[in-house]
Amino acid sequence: MNNNVLVRNIEILSEDAEESLVHITDGVYKCVAFCQPCNVSPNDVIKEPLFAFNSQYPVLITTEQPPYMKRQDNSLGYKILASVSNLENNLVQVGAILIELDVSLPGGVKLNDFIKFTCGRLDIF
């Protein structure tokens, strides 16, 4: 797996508001993130973490499971199982896709532990 997170496709929601849905992949994992104003193009590399808006229920997972990013029905929400990559900044990752949570990580979590959480949407800033 390479470490590049790339923009694969962009769905324009509103040209006037510069709102788009950006399809992102690291070659293994993929997700859709909201972007406003949208200033990315297909094949751009995403270097900054995505922002997990309205994160809820972060829980330490002690059983071994593969990471995942599951979109919830037709919403922009996700169920995510990710490894902790930075405790100070509440950063987790699925493959090469970095995500910043808008809530604190669960107490007692260490680097490389896995947490499960939901979020209302993923954003690109």
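Author: Before we start, strands (E, at least two residues) and helices (H or I, at least four) are DSSP runs, numbered from the N terminus. This is a predicted model, where local features need pLDDT of at least 70, side-chain atom pairs count only at pLDDT 80 or more, and totals for chains, interfaces and linings use all residues. Residues are numbered from 1 along each chain as its sequence is written, and side-chain values use heavy atoms, with hydrogens and water left out.

Reader: Okay, is Asn-90 buried or exposed?

Author: Asn-90 sits in the loop between strand 7 and strand 8. Its phi is positive, about 55°, although Asn-90 is not a glycine. Buried means under 20% relative accessible area, exposed over 50%, and partly exposed in between (1.4 Å probe, protein chains only). Asn-90 has a relative accessible area of 17%, so it counts as buried.

Reader: And Glu-18, what is its phi near?

Author: Glu-18 is in the loop between strand 1 (6–14) and strand 2. With a relative accessible area of 44%, Glu-18 is partly exposed. Its phi is positive in a residue other than glycine, near 60°.

Reader: Which two side chains meet in a salt bridge?

Author: A salt bridge here is a side-chain nitrogen of Lys or Arg within 4 Å of a carboxyl oxygen of Asp or Glu, and that rule gives a count of 1. The N to O distance is 2.6 Å, and the pair is Arg-121 and Asp-123.

Reader: What is Ser-20's relative accessible area?

Author: Ser-20 is part of strand 2. Skip its neighbours within four places in sequence, and Ser-20 still has contacts (heavy atoms within 4.5 Å) with residues including Ile-12, Phe-34 and Cys-38. Ser-20 is buried, and its relative accessible area is 4%.

Reader: Last one: what is omega near for the peptide bond from Gln-36 to Pro-37?

Author: Look in the loop between strand 3 and strand 4, where you'll find Pro-37. The bond from Gln-36 to Pro-37 is cis, with omega near -5°.
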